[in-house]
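Please look through the model shown here with the sequence at hand.

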Amino acid sequence: MKKIDMHEWNKQKVEELFSLSHQLLDTAKQLGEYHAEELRIHMAHAMDLAKSAAQNDLKKLEELQKSAAVEARKRMVVYHKKAKILLNNLSDDVADKAEKHLDKARDSLSDWLDDAQQKMPVGGDKLAKIVRDISDAGSKAFKEGRKLVNNAIDSADHAIHQVTEADVAVEKPAAKRASAKK
């Protein structure tokens with residue numbers, strides 16, 4: 001790579017890192033806002049529980065706990081979806097930029113090998129082929145790693161959905177029994 005190309009490439013990397021840092025800050029800010037809202041809800045719930053406990057109203061205390069658990073489960077599902085969208089967008093953007101830089105580095109290495117291959121002694125072409133094969137293998141490994149990460153995210157998402165569905169299934173018969181007793 002020429003010195004001018006290298007300077008331009010470094011400039012692009014700096015700009016991308018700067019934009020990535022802003023994306024990370026925005027994501028952290030949004031997640032922080034979700035957490036702050038959750039804390040406000042928990043504080044209000046704690047106040048209600050304290051009032052009920054002070055009045056020694058055990059039925060109201062039990063109802064507050066049950067309703068808070070149901071609402072927390074609903075909020076958890078919504079939070080999970082929002083957080084997954086934010087993190088998936090960030091992950092895809094970062095992986096795309098990383099892949100672009102890996103491709104650029106591989107192309108630069110290939111150009112250098114082409115130049116050096118003409119100056120190498122006999123047998124140097126075999127070394128150049130090995131380096132290219134290793135570079136291609138690294139690129140394939142990066143892409144496979146990306147697929148594995150996405151599969152792991154999908155598996156975790158599926159597991160969370162199963163847990164929430166199981167909680168809802170357990171809750172419905174309990175609610176039916178409670179309404180039948182009344």
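What follows takes these topics in turn.

This is a predicted model, so its confidence comes first, because where pLDDT is low, the predicted coordinates should not be read in detail. The mean pLDDT of the protein is 77, and 85% of its residues reach 70 or more. Among the elements, helix H1 has the highest mean pLDDT, at 82. The lowest mean, 72, belongs to helix H3, which covers residues 124-181.

Next comes the empty space. Rolling a probe the size of a water molecule over the atoms shows where empty space is left. The second largest pocket holds about 250 Å³ of space. Two elements each give two or more residues to the lining of this pocket: helix H1 (3-54) and helix H2 (58-119). The lining includes Glu33, Tyr34, His35, Glu37, Glu38 and Ile41. Also among the lining residues are Ala72, Arg75, Met76, Val78, Tyr79 and Lys82. By class, six of the lining residues are nonpolar, five are charged and one is polar.

Two of the residues lining this pocket, Tyr34 and Tyr79, also form an aromatic pair. The count of aromatic pairs comes to one. A pair of aromatic rings is described by the distance of the centres and the angle of the planes. The ring centres of Tyr34 and Tyr79 are 6.0 Å apart and the planes stand at 90°. Planes over 60 degrees apart count as edge-to-face, so this pair is edge-to-face. The pair links distant parts of the chain, with Tyr34 in helix H1 and Tyr79 in helix H2, 45 residues apart.

The C-alpha atom of Ala28 is separated by 9.9 Å from that of Leu87, which is 59 residues apart from Ala28 along the chain.

Glu16 is also found in helix H1. Because buried means under 20% relative accessible area, Glu16 counts as buried at 14%. Which residues does Glu16 touch, not counting those up to four places away in sequence? The contacts of Glu16 are Lys97, Lys100 and His101.

Note on methods:
Residues are numbered from 1 along each chain as its sequence is written. This is a predicted model: local features need pLDDT of at least 70, side-chain atom pairs count only at pLDDT 80 or more; totals for chains, interfaces and linings use all residues. Side-chain values use heavy atoms; hydrogens and water are left out. On a 1 Å grid over the protein atoms alone, a cavity is a set of points where a 1.4 Å probe fits but cannot get out, and a pocket is an open set with protein on both sides within 12 Å along at least five of seven lines; lining residues have an atom within 4 Å of a point. Grid points are joined across faces, edges and corners, and a volume is the space filled by probe spheres set on the points. Helices (H or I, at least four residues) and strands (E, at least two) are DSSP runs, numbered from the N terminus. Ala, Val, Leu, Ile, Met, Phe, Trp, Tyr, Cys and Pro count as nonpolar, Asp, Glu, Lys and Arg as charged, and the others, Gly among them, as polar. pLDDT is the predictor's confidence in each residue, from 0 to 100. Rings of Phe, Tyr and Trp (its six-membered ring) pair if their centres lie within 6.5 Å; planes under 30 degrees apart count as stacked, over 60 as edge-to-face and the rest as tilted. Buried means under 20% relative accessible area, exposed over 50%, partly exposed in between (1.4 Å probe, protein chains only). Contact means heavy atoms within 4.5 Å.
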